[in-house]
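Good morning, and thank you for making time for this item.

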Amino acid sequence: MDFDDTPDEAAYRARVRSLLEEHAAELVHLDAGEEAADAAEQQQALRRTQRVLADAGLVGVSWAREHGGQAGTLAQQAIVNQELARARVPTLINHIGLGMCGPTVVAHGTPEQHERYLARLLRAEDVWCQLFSEPASGSDLAALRTTAVRHGDEWVVNGQKVWTTLAHVADHGILLARTDGDRPKHAGLTMFIVDMHAPGVTVRPLRQLGGQSDFNEVFFDDVHVPDSDRLGEPGEGWRVALTTLLNERVAVGGGGNDLGLSVESLAALAVERVPQLPPERQVLARQALGRAAVAALANRYTGYRRYTAISRGGLPGPEASAGKLAGTTAAELVADAGVRLLGDDAVYGRGPDGDDGRWQRNQAWLPGIAIAGGTNEVLRNIIGERVLGLPPEPREDKTAPFNGGRR
Amino acid sequence: MNFELDDDQRAAAAGARDFFTGSASAADARRALEDGPVAPGRSALAGIGFLGITVPEDAGGAGSSVLDLAVVAEQAGAVLAGPSLVTAARAAVLLADHPDLLAALADGSTGYAVLDGSAPAIDALGADAFLALEDGALVLGAGEVTTGRPMDATRGLGSVRLTDRRVLAENAGARWARARDVALVVLAAEDLGAAGRAVQLGVEYAKVRTAFGRQIGSYQAVKHALVDAWVGVEQLRSLVWWAAWAADSAPDELPLAAAAAKAFAAETLERAAGTCIQVHGGIGFTWEHDAHLYWRRAKVDRFVLGDEAEHLDTVAGLVLAGALGR
């Protein structure tokens, strides 16, 4: 047991680090919790950042060469993620494309689709979004109602998607739609690649709890999608979507990184603020700090177990699915301890002096994390049934025709 | 990075599981509450070599690591075995310069207990020799043991007044601190095993018990409670491995890792044991059922060697002093 890089990993890390230094002037850098001043400018800068990184061989590290990747290992991808974080490079703009859409296209796309989409995705020439959730189907994704009807060589799409991260800047999306309402819910779905600039696509940003707009609702009114942009066979959409969702879990679980502000950020705040508190308050603040640190460390070291599994060439074991649950809990403890340390400033979104509002923003971001990428309740069902072997709930909706008496 | 047990450690865990499931059980823990013996008992543990895992080979031990011991301790915890490997681990550190005393630890001819002032000490009942820190000196002596009605009889808790003493080492503060940290790690490892077993009992029952026409494990209220308890166990496993590794390979990290593991172990075992009872319903609240024996272990262990509040404060102090590293 050790926490050191293997000689190969250490050499790779050194190369990544020197590449990041070499290209530093071309990359966006942000401190944890820091906000960019101009959102539109930031979009362009983030696209440029990903392009520079892609050209340096630091994007799609574990993808096959034929798909524009580096044919590296998942461990090397994890090293790149760690070094990007260390260099204060924010999350890549095409993270949905890299984590979810791209792997789905790789697994189910035709050679023509590979050729057409993947290299541009890696360089953020096209930004991608994932068009899954709908107003009436969130956790119950297979209940979605957006339809695609075939007319010769085209499909005509009508319906609405929601909570679509990046749709407002995306060029393409993977769209799960119902193509046969007479079949049971999971069997009547088909996956498509959709051009977000096509006529009939309307994107409306949604303002989130914290005031920002990272996600959107997307309307489809008679949007024409060529059959050549169908991803997988008609009726196979659920199987294709499971590829996306599996990759989502690997993408989220692979690195063992903190969700939200790190425990190191909390420690820095505590060093500054705890000594200013009266003694009886210091006792409480230290308990909160200790509890948050223990939860964060437990989650971090569990991440190292996942990383070990990955670096041996395996997929993460059952503990990966628990990473988001424990990570959310730890993040909430860290966030709450941080906000409490702000004292009077905690009642403002940003304090009148000094405080930059990062802890309040962090606090306002976390409720969404417990929902995104599978709600914590859905993840508990997955762990309960797939890991612990507990019986599923009875589900008559799985076998009944989707349209049968339900609409 | 290689944060996983190796093949030898996995084999050792399997061997320890066989030994402990064959030599101790929750039923033994129940009998101990009714004045029966603690199982498997000191001589059986000595016989299989588990009291000397971290004792050097030239003193009759296996000369293995704290991590090796933690792997075995998890299996001991799963069946609520006694006496505790916590005592063996802690005494092995304290007696490092005394081969004869170490040999008596490893072969079971002396039953040691380690005293933290007047606090109830693990395995004080049945011990013949007591180790304590007095004015910075490590002392060994005989003592008088007083005890109350046990909550968890497998822990052998008692308060001890030394009746004679000899000094083993002056200025033993640093060694004492390390020994206590190692004890925290092994206690957390035993709690890991107990918590894992409590969750397993709950899961097994939820698969067979039916209510309202289906297995209770299919209800989210039951399923999610068990999942949360299981997630806690896996998180605790990571802290226990890290802390044990730190004891062997990164002594500077040990105080943080040991305190974190102990604090998290207290919470994890309480939740696992409490969930086990609730999943079982009324039968889980009976003397005959095993659930309360895990619950008893949880209610005792959370206070032994310092409670959660103490260890969270230790973690906070270390974090404020810059201990977060990797």
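**The interface and the cores**

Between chain A and chain B, 22 residue pairs are in polar contact, with both residues at pLDDT 80 or more. Please bear in mind that this is a predicted model.

Which elements of chain A supply at least two residues each to the side that touches chain B? They are α7 (263-273), α8 (279-311), α9 (319-341) and α11 (376-387). The largest share comes from α8(A), with 19 residues.

As for charge pairing, seven salt bridges are counted between chain A and chain B. One salt bridge joins the side chains of A:Arg291 and B:Glu308, at 3.2 Å from N to O.

In terms of extent, 52 residues of chain A are in contact with 45 residues of chain B. The two chains bury about 4,700 Å² between them, and 64% of that lies on carbon and sulfur atoms. Of the area that chain A buries against chain B, A:Met1, A:Phe3 and A:Arg305 supply 18%, more than any other three residues.

The largest nonpolar core has 205 residues, and B:Phe20, B:Leu85, B:Tyr112, B:Leu131 and B:Trp242 have the most contacts inside it. Helix α7 (residues 173-208) of chain B gives the most to this core, namely 19 residues. Another core, of 18 residues, lies apart from it and includes A:Ala198, A:Val201, A:Val218 and A:Phe220.

Returning to B:Tyr112, its contacts beyond four places in sequence include B:Thr87, B:Leu101, B:Asp123 and B:Leu140.

Conventions
Residues numbered from 1 in each chain as written. Chains lettered and ligands numbered in written order. Predicted model: local features only at pLDDT ≥ 70, side-chain atom pairs only at ≥ 80, totals over all residues. Heavy atoms only, no water. Core = buried A, V, L, I, M, F, W, Y, C linked by side-chain atoms within 4.5 Å. Buried < 20%, exposed > 50% of the residue type's maximum accessible area, 1.4 Å probe, protein only. Helix = DSSP H or I, 4+ residues; strand = E, 2+ residues; numbered from the N terminus. Contact = heavy atoms within 4.5 Å. Buried area = accessible area lost by both parts, 1.4 Å probe. Salt bridge = Lys/Arg side-chain N within 4 Å of Asp/Glu carboxyl O. Polar contact = N/O pair within 3.5 Å; in protein donor to acceptor, adjacent residues only side chain to side chain.
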